[in-house]
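Visitor: I am new to protein structures, and I would like to learn how to read one. Could you walk me through some features, step by step?

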Amino acid sequence: MGIILDKAPYLIEKLPGGGLVITSMDWVINWSRKSSLWPLSFGLACCAIEWMADVGARNDFDRFGVFPRPTPRQADLIFISGTLTKKMAPRLKRLYDQMAEPKYVIAMGSCANTGGPFYDSYSVVKGVDKVIPVDVYIAGCPPRPENVLLSILKLQEKIMKESILKK
Amino acid sequence: MDNLELLSKITGKFPEVKEFLPAAGVLKDEMLAVSAPAGVILPLCTELKNNKDFDFDYVMCISGVDLKDKLQAVYHLYSLKRKHKLEIKTELDAVKPEVDSVSSLWQGADWHEREAYDMFGIVFKGHPNLTRILTAEDFEGYPLRKDYEGKPDNYD
């Protein structure tokens, strides 16, 4: 799959009508990626409790293909739900590195965005983007389930804009 | 055992132990607080645990206080059988705060002492594994001291 995605688009693009094939492939690949965003069951603090309720039956994120996985090898998405301490930061980096490409990051809540109320603490990372790249930030302390839902829809929009020609 | 009886029994055995605030007679239901020099902590705690009159079998908390010119270690003891409580405060040198570990008496004191070491740098002599417990292994300084100023790292 990797070789096809790496090499084939640049060969097809040169053929007559190749652009149409590329955009069709883009659509199919992006659609399949956005429709099965499997997040890592990973939580840091109180936002994690909120997140567990979010992926539960009432809000039912499964209808968007969001279905928690217990291992980073099977996950496409990681929610940073809670306060990231400096002690935890290398562990989070390791988890992120273990995830297979393509991988996406959603920073959930004030702590993950900026450090939140613990900004002046000696032990808290001032925003998870100091450690790993973030795709979508959600405001809130903790964010409402609707807000978390919106972050997934926004991420899906972002995924649909991707192309196999880039990178 | 009420506070006055507890106080008189302790001071009878350890004359260097003083009542922290003279309130034992007034505050009958409050916790008795005594101050003790650092050197007497281990024999005092051994007596408090092993003497069946006291029977302090549970250490609720061991914490630190930064009083700027000196540090303080505070022990909260409780007897599950006799239902009485005791608070022991001991003043330590601010430059070289050292006190004997009581983790050989109470297993629960182990992590309390590690936390006090982590946050205040109080050295508990005789502790089996006196390492940082909450902050990262390579953390520098003692963050709950008044004069602590953290250096910005790559996470700030």
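**Reading two chains together**

Guide: Let's start with one residue: Lys13(B) sits in helix 1 of chain B, which covers residues 3–13. Keep in mind that this is a predicted model.

Visitor: Is Lys13(B) buried, partly exposed or exposed?

Guide: We judge that by relative accessible area, where under 20% is buried and over 50% is exposed. Lys13(B) has a value of 45%, so this residue is partly exposed.

Visitor: Which residues does Lys13(B) contact, beyond its neighbours within four places in sequence?

Guide: Lys13(B) is in contact with Glu47(B), Asn51(B) and Phe54(B) once those neighbours are set aside.

Visitor: Now a strand, please. Where is Ile62(B), and is this residue buried or exposed?

Guide: Ile62(B) belongs to strand 3 of chain B, residues 58–66. Its relative accessibility is 3%, so Ile62(B) counts as buried. Outside the four places on either side in sequence, Ile62(B) touches Val74(B), Tyr75(B), Val102(B), Ala109(B), His112(B), Glu113(B) and Phe124(B). As another look at sequence against space, Ile62(B) and Glu115(B) are 53 residues apart in sequence, with 8.6 Å from C-alpha to C-alpha.

Visitor: What about a residue in a loop? Where should I look for Ser103(B)?

Guide: Look between strand 6 (98–100) and helix 3 (109–120) of chain B, where a loop holds Ser103(B). At 8% relative accessibility, Ser103(B) counts as buried. The side chain of Ser103(B) makes a polar contact of 2.8 Å with the side chain of Ser101(B). Setting aside neighbours within four places in sequence, Ser103(B) is in contact with Ala109(B), Asp110(B), Glu113(B), His127(B) and Pro128(B).

Visitor: Let's turn to chain A. How many helices and strands does chain A have?

Guide: Chain A has six helices and three strands, and along the sequence they follow the pattern α-α-α-β-α-β-α-β-α. Its C-alpha atoms fill a box of roughly 60 × 35 × 25 Å along the principal axes. Of the 167 residues in chain A, 42% are buried.

Visitor: Which residue in chain A forms a salt bridge with Asp97(A)?

Guide: Lys93(A) does, at 3.2 Å from N to O. Asp97(A) is partly exposed at 45% relative accessible area, and Lys93(A) is partly exposed at 33%.

Visitor: What parts of chain A does the salt bridge between Lys158(A) and Asp135(A) tie together?

Guide: That pair meets at 2.8 Å, N to O. Lys158(A) lies in helix 6 (residues 145–160) and Asp135(A) in the loop between helix 5 (109–114) and strand 3 (136–138) of chain A, so parts 23 residues apart in sequence are tied together.

Visitor: What is the case of a charged residue with no salt bridge, such as Asp26(A)?

Guide: Asp26(A), in helix 2 (residues 18–35) of chain A, is buried yet has no salt bridge. Its nearest side chain of opposite charge, Arg33(A), is 7.7 Å away, whereas a salt bridge needs the nitrogen and oxygen within 4 Å.

Visitor: Finally, how many residues of each chain are in contact where the chains meet?

Guide: There, 14 residues of chain B are in contact with 11 residues of chain A. The two chains bury about 960 Å² between them, with 57% of that on carbon and sulfur atoms. One salt bridge is counted between the chains: Asp153(B) pairs with Lys86(A), the closest N and O atoms being 3.5 Å apart. On the chain B side, the touching residues comprise nine nonpolar, two polar and three charged ones.

Terms used
Residues numbered from 1 in each chain as written. Chains lettered and ligands numbered in written order. Predicted model: local features only at pLDDT ≥ 70, side-chain atom pairs only at ≥ 80, totals over all residues. Heavy atoms only, no water. Contact = heavy atoms within 4.5 Å. Buried area = accessible area lost by both parts, 1.4 Å probe. Nonpolar A, V, L, I, M, F, W, Y, C, P; charged D, E, K, R; others polar. Helix = DSSP H or I, 4+ residues; strand = E, 2+ residues; numbered from the N terminus. Buried < 20%, exposed > 50% of the residue type's maximum accessible area, 1.4 Å probe, protein only. Lys, Arg positive; Asp, Glu negative; His and termini not counted. Polar contact = N/O pair within 3.5 Å; in protein donor to acceptor, adjacent residues only side chain to side chain.
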